[in-house]
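I set out to record what I looked up in this structure, entry by entry. The entries follow the order in which I consulted the coordinates.

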Amino acid sequence: MLLEFDFERPQSLKQALLLIANNNKGAAHDSGHVPLAGGSNIMPDFRANRGSPRAVVDLGGIDELRFINVSDERVSIGGRTTVSDILDHPEISRLAPALYQCCKIFAGQMVRNVATIAGNVSCGSPASDSVPPLLTLDAELVLACQDGERSVPLDEYFTGYKQDVRRADELITEISWPVPAANASSLFRKVGRRKGDAITVVGVATHFEQENGVCSSVRIALGAVGPCVYRAKQAEAILQGNTVTVELIDKAAAAAASDSVPIDDVRATGDYRKQVVGTVTRRLLRQAAGLDAESGVNNV
Amino acid sequence: MDVRNENFPRPRIAEKKLHQVGKPLVRTDAKGKSEGKTRYAGDYVMPNMLHAVVLRAPMASATLKRIDVSQARALPGVACILTAADISAREAATDLPGQTGRKRLETDNQILVRTRVRYHGEPLALIAAETKAIAEKARSLIEFDLEPLAGVYDPEEALKPGAPVVQSHDNIVGSHKIRKGDIEKAFADADHIVEKTYRTQFIEHAFLEPEVGLAWVDENDVVNIRVSTQVIEHFRTIAEAIGVPHNKVRILGALVGGGFGGKEDITVEVYLALLATETGRPVKMVYSREDSWFGHGKRHPFIIKYRTGVTMDGIITGSKIDIIADAGAYVFLSPYVLLYCALASPGPYRVDNLQVDSLAVATNNMFTSAFRGFGACQAAIAHEQQMDELANTIGMDRIEFRRKNYLKKGDPIATGFKVESEVWTEQCVDQAMAALGEKTPARGALKIGRGVAAYQQSYGRLTMMHDTSECWVGIEMDGTVVVRSGVTDIGAGQGSALCQIAGELLGVPLDRAVIYNSDSAVTPLAGTSTASRALYMTGMACKNAATALRERLIKRAAVELGVQTHHVDLANNRAFVVGRSEEFISLKDLLAHCARDGIHRSELVQFNAPVTGPIDPETGQGRVRPDYAYGAQAIEVAVDTDTGEVTVLKSVAAHDVGQCINRAAVEGQIEGGTAMGIGYALSEELIYKQGQLMTPSFSEYLIPTAEDTPLEHTSIILESRSGLGPFGAKGIGEPALTPVAPAVENAIADAIGTRVLDFPLTPEKILNALGDSSI
Amino acid sequence: MSEVKLITLEINGKAESLPAPNNMTLLEALRELNHFEVKCGCEKGDCGACAVLIDGEAVDSCLMFAHSAVGQPVTTLDGLISNRDGQHPLKKAFVEKGAIQCGYCIPGMMIAAQSMLNKNPNPSKQEMREGLGGNLCRCTGYNKIFDAVEVAAHVLQCGGKN
């Protein structure tokens with residue numbers, strides 16, 4: 001590659017934060033002292049001359065950032081926890097089924113082994129597959145800098161296309177979410193142009209709880225149909241607190257579709273995405289509500 | 001009778017009991033590849049070697065106003081930079097060399113852009129430096145000004161008067177006609193006429209090994225080029241491009257990491273030859289994947305329009321077919337691809353009234369050239385859809401409709417030639433469909449569909465090319481076998497097959513045979529590994545060479561064993577009496593006798609394909625090709641009617657390969673062709689916008705992964721032994737791919753009740769078709 | 001231009017050193033060190049041809065800087081199949097099942113297969129598809145590769161792990 005930069009490999013989080021404290025707080029994420037986790041986004045970007053790094057800060061030696069902690073109430077993963085770590089953990093499939101599902105179909109094996117969830121979140125792509133599940137889990141991020149740390153709900157993290165509230169002197173050190181209710185449904189479905197290792201064309205995650213036929217909690221997160229991944233809050237509001245029927249679900253799904261703002265690109269047109277996001281949302285909600293068996297081609 | 005046509009008669013039955021041929025033996029190249037020890041062209045290094053890269057034009061149609069390499073040249077470590085100004089009048093041919101070396105003059109092409117850029121990625125300069133990093137840095141320092149020039153990006157637009165001219169005076173770079181029977185009468189006799197237009201897309205070979213080579217000039221001024229190529233005979237055109245005699249260019253072909261036609265044309269060779277000559281040092285050029293999108297010709301998009309007459313009884317009365325191919329910016333092999341498509345366009349069916357008009361049209365898209373199937377693939381996509389449409393129009397079952405129209409042995413094909421080998425299309429279709437078994441039940445939004453496609457695919461090159469192939473077979477004093485042939489091994493086991501054939505005839509197990517191949521200076525020239533010809537042509541040369549040697553060995557063995565020659569066979573390193581295997585002489589001992597008697601222990605043979613004159617330009621009639629292979633694919637799909645996504649549930653391929661040489665290799669070709677065809681139908685497309693490539697990576701150009709192949713696949717291999725190849729073999733390289741994409745299309749059309757006429761069948765197009773048809 | 005440091009990598013159990021600019025990838029370093037068994041297919045993490053094992057787990061060497069690999073045990077195909085008298089079950093199975101055509105994807109494929117078997121010694125067909133979904137092959141259609149991995153998995157289970 002043509003880009004040239006210094007190379008740092010800090011052995012602790014403290015050292016890493018010290019290094020990226022060099023950055024102007026408002027600087028672009030791919031300039032200055034650029035943190036490197038799995039590399040599956042940064043390396044192709046650098047090879048294509050995108051970015052202006054003065055130094056690469058390789059986080060690979062910081063074991064303290066690679067963890068999965070489960071308590072009765074909360075699950076937390078570290079800033080360097082990989083997609084494979086999620087798949088290998090014996091309980092995540094129970095504690096975050098949608099996240100587990102997205103990890104299962106994430107890229108290919110080699111990328112899963114190095115790509116971090118935090119990296120997937122912070123790359124800011126509207127097609128990042130881990131974000132819809134995490135949004136439906138009400139995930140929170142811990143952003144740490146040299147001077148301390150702050151908590152940001154993932155729902156407030158993105159502010160636009162590849163724009164977020166993380167300053168250039170901060171790292172995502174932890175992602176956590178409350179342990180879902182035992183009877184909650186957590187689903188993820190991705191539509192792509194091929195089954196293996198495909199960039200998402202439409203991604204939908206849902207979290208759904210009901211009591212006596214009334215929707216007590218619902219989250220719907222949509223990927224690749226807007227400038228960033230987001231929650232379809234209008235659609236959620238249609239369901240929240242109401243008796244769940246096929247018609248209500250249809251209405252919610254239609255709202256999710258009509259509120260989406262997908263673009264045209266080489267993979268699909270905005271029209272297709274709009275149509276499909278509605279269909280997939282409807283399907284997942286029906287499945288979650290036990291109103292219709294999941295049908296159709298699964299990704300697995 | 002022309003003595004070169006003596007190979008026309010075909011063996012009806014195996015000439016001898018086969019010991020090795022037909023078995024799934026371990027290939028000679030397998031071990032090295034499994035250990036990572038096999039050296040591909042990019043795995044060689046030489047002392048004092050330079051690294052070279054190519055600077056490419058970032059737009060499709062432009063005038064090069066200025067190029068300034070001074071800053072780049074000044075970078076420490078840069079050895080040489082070449083632009084068009086440095087190589088003045090040099091040009092390179094883009095036409096495939098027939099053995100006679102004749103080429104069409106107008107196909108010569110600028111090596112580096114002089115003033116006119118015709119496609120996105122056309123080379124502007126070559127840079128050689130001490131390291132690849134320096135070469136890439138130097139490349140970034142080259143300054144140039146391109147002034148956009150009006151371009152044309154659609155072949156139908158390019159045909160219109162006033163369109164920007166890319167090639168020739170009217171953008172027509174190839175045309176071919178077929179006229180047979182009486183088309184007007186055929187339409188008058190028809191009960192229905194079905195008119196439909198089918199479109200196919202640009203496809204990338206996507207071999208895993210990008211183009212690569214290493215060249216050096218030796219003490220005899222020979223330009224040696226180690227290169228990943230399907231054609232070592234390019235040494236002639238390379239020599240002419242750089243202005244040296246033919247015998248001063250040596251091509252050392254490495255084992256190829258995938259070709260599929262994409263390494264059939266010259267890729268890096270001329271650049272390397274120029275740089276090595278200029279610098280006096282070895283030069284290595286390894287294309288990045290980014291280079292590869294621009295570095296070799298793609299599969300032609302075709303627009304194929306059918307107007308077919310059919311009776312209510314299900315007989316095709318005649319077909320008028322209009323074909324347009326996008327030849328892209330330079331001619332390369334477009335006229336030939338067009339020809340193959342034209343003659344394949346009626347499909348494996350009897351169509352006595354036929355009018356085909358075809359044009360290859362230049363545009364400012366990426367140039368298009370050879371790709372597995374070579375026009376017959378696109379024809380199959382069209383004719384198999386048309387067959388289903390015709391059946392649906394008259395309300396007849398698709399299989400029964402085909403049954404009424406199959407071409408049979410002895411029938412004339414599109415060019416009037418009467419097929420002499422077995423034509424087992426019907427058996428292949430029936431067996432493939434039957435092997436699909438019970439239909440998967442539909443559920444929810446999933447609709448299930450089944451489709452079949454049959455094909456006629458030629459093997460061997462055009463007979464007017466006077467194709468030949470050479471092979472040398474020898475046996476060592478210890479009874480091991482050596483084969484020497486120019487054949488390039490591009491992954492299908494071309495080399496190992498020759499060893500298996502030679503071993504069969506000489507009674508030597510495959511693991512005691514080695515092949516030295518693909519060196520234009522040292523191994524007898526075998527011609528291209530293209531056109532499904534390697535087994536046919538080089539296999540026959542090998543068989544004939546081994547047979548001549550075998551006869552000498554048997555004759556001498558018969559003396560030792562005290563029997564007549566027809567009682568002697570060779571197997572398991574022995575010459576033995578048939579039926580009395582305890583009476584034998586080891587090959588080692590036999591060879592000692594042969595050596596003492598001065599018996600020649602090797603043989604060199606040139607095998608000649610049937611030869612004809614040129615095709616009649618008005619009617620397209622004539623022999624045209626040596627022979628044809630027939631077969632079919634049956635596919636079952638599930639279509640998610642909510643998203644348009646497709647899953648291939650079941651796949652069955654049925655091919656008459658004539659005779660397997662290595663059964664596992666034949667299965668491998670069929671399985672690989674099946675995957676490639678699925679990609680062709682569902683997910684692969686090079687997208688060009690105003691000639692600009694929008695999909696320059698494997699994350700945008702989507703070939704099937706391990707998760708995309710059929711959930712179940714079966715290969716049915718039939719062996720009619722009626723081919724022109726060794727032991728009655730035909731060819732499988734291209735046939736393995738040809739029926740797959742149309743079978744997938746037909747299955748999807750069956751599932752959703754409507755047809756997407758425009759490849760690939762993306763989920764979006766399927767969803768739109770469902771939406772349109774539900775109104 | 002930044003200084004070029006001499007780094008030492010542990011490859012197949014041996015220490016191997018080279019001057020490595022900061023922007024050199026592990027793939028470039030490996031091939032610079034004459035490990036030609038590591039293939040280059042795309043340099044973007046899309047094809048898997050360059051896969052190597054780091055601590056028993058497959059990674060794309062094109063997505064890693066050489067400097068990042070310092071101190072980590074790297075295994076290429078060479079290291080994977082050595083010390084088994086040429087009889088590593090994966091190698092044997094790939095050869096005997098006819099799973100190799102042009103062979104260019106094979107080093108990465110075998111590495112990915114081993115990595116998958118390290119975690120899942122008895123994969124189902126679907127799990128094999130998922131485990132090998134990041135390794136592109138254009139020649140074989142993957143069928144005989146699955147057959148080979150299935151056989152190798154069985155042998156490895158019976159004969160002990162690698």
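**Entry 1: confidence in chain B.** I noted at the outset that the model is predicted. I looked up the pLDDT of chain B and found a mean of 95, with 96% of the residues reaching 70 or more. Residues 1-14 of chain B fall below 50, and this stretch has 17 contacts in the model beyond near neighbours in sequence. I also found pLDDT under 50 over residues 98-102 of chain B, where the model has eight contacts beyond four places in sequence.

**Entry 2**

**Entry 3: chain B against chain C.** I then turned to the other partner, for which 40 residues of chain B are in contact with 37 residues of chain C. Helix 1 (30-34) and helix 17 of chain B are the elements that give two or more residues to the chain B side. Which element gives the most to that side? I found helix 17 of chain B, with seven residues. The chain B side divides into 16 nonpolar, 15 polar and nine charged residues.

**Entry 4: helix 17 and helix 18 of chain B.** I followed helix 17 (residues 663-682) to its packing with helix 18 (residues 740-752), both of chain B; the angle is about 50° and the axes are 7 Å apart. The two helices are therefore oblique to each other, and their crossing is right-handed. Helix 17 contributes B:Gly673, B:Thr674, B:Gly677, B:Ile678, B:Tyr680, B:Ala681 and B:Leu682 to the contact, while helix 18 contributes B:Val740, B:Ala741, B:Val744 and B:Glu745. By class, I recorded seven nonpolar, three polar and one charged among the residues of this contact.

**Entry 5: chain C.** I looked up the secondary structure and found six helices and five strands in chain C. Read from the N terminus, the order is β-β-α-β-β-β-α-α-α-α-α. The radius of gyration of chain C is 16 Å, close to the 15 Å given by the globule rule for 162 residues, so chain C is as compact as a globular protein of that length. Its C-alpha trace spans about 50 × 30 × 25 Å along the principal axes.

Notes:
Residues numbered from 1 in each chain as written. Chains lettered and ligands numbered in written order. Predicted model: local features only at pLDDT ≥ 70, side-chain atom pairs only at ≥ 80, totals over all residues. Axes fitted to C-alpha atoms, helices over the stretch in contact; angles between N-to-C directions. Helix = DSSP H or I, 4+ residues; strand = E, 2+ residues; numbered from the N terminus. Parallel < 35°, antiparallel > 145°, perpendicular 65-115°, else oblique. Left-handed = near helix turned anticlockwise from the far one by under 90°. Contact = placed C-beta atoms within 7 Å. Nonpolar A, V, L, I, M, F, W, Y, C, P; charged D, E, K, R; others polar. pLDDT = per-residue confidence, 0-100. Rg over C-alpha atoms; globule rule 2.2 N^0.38 Å.
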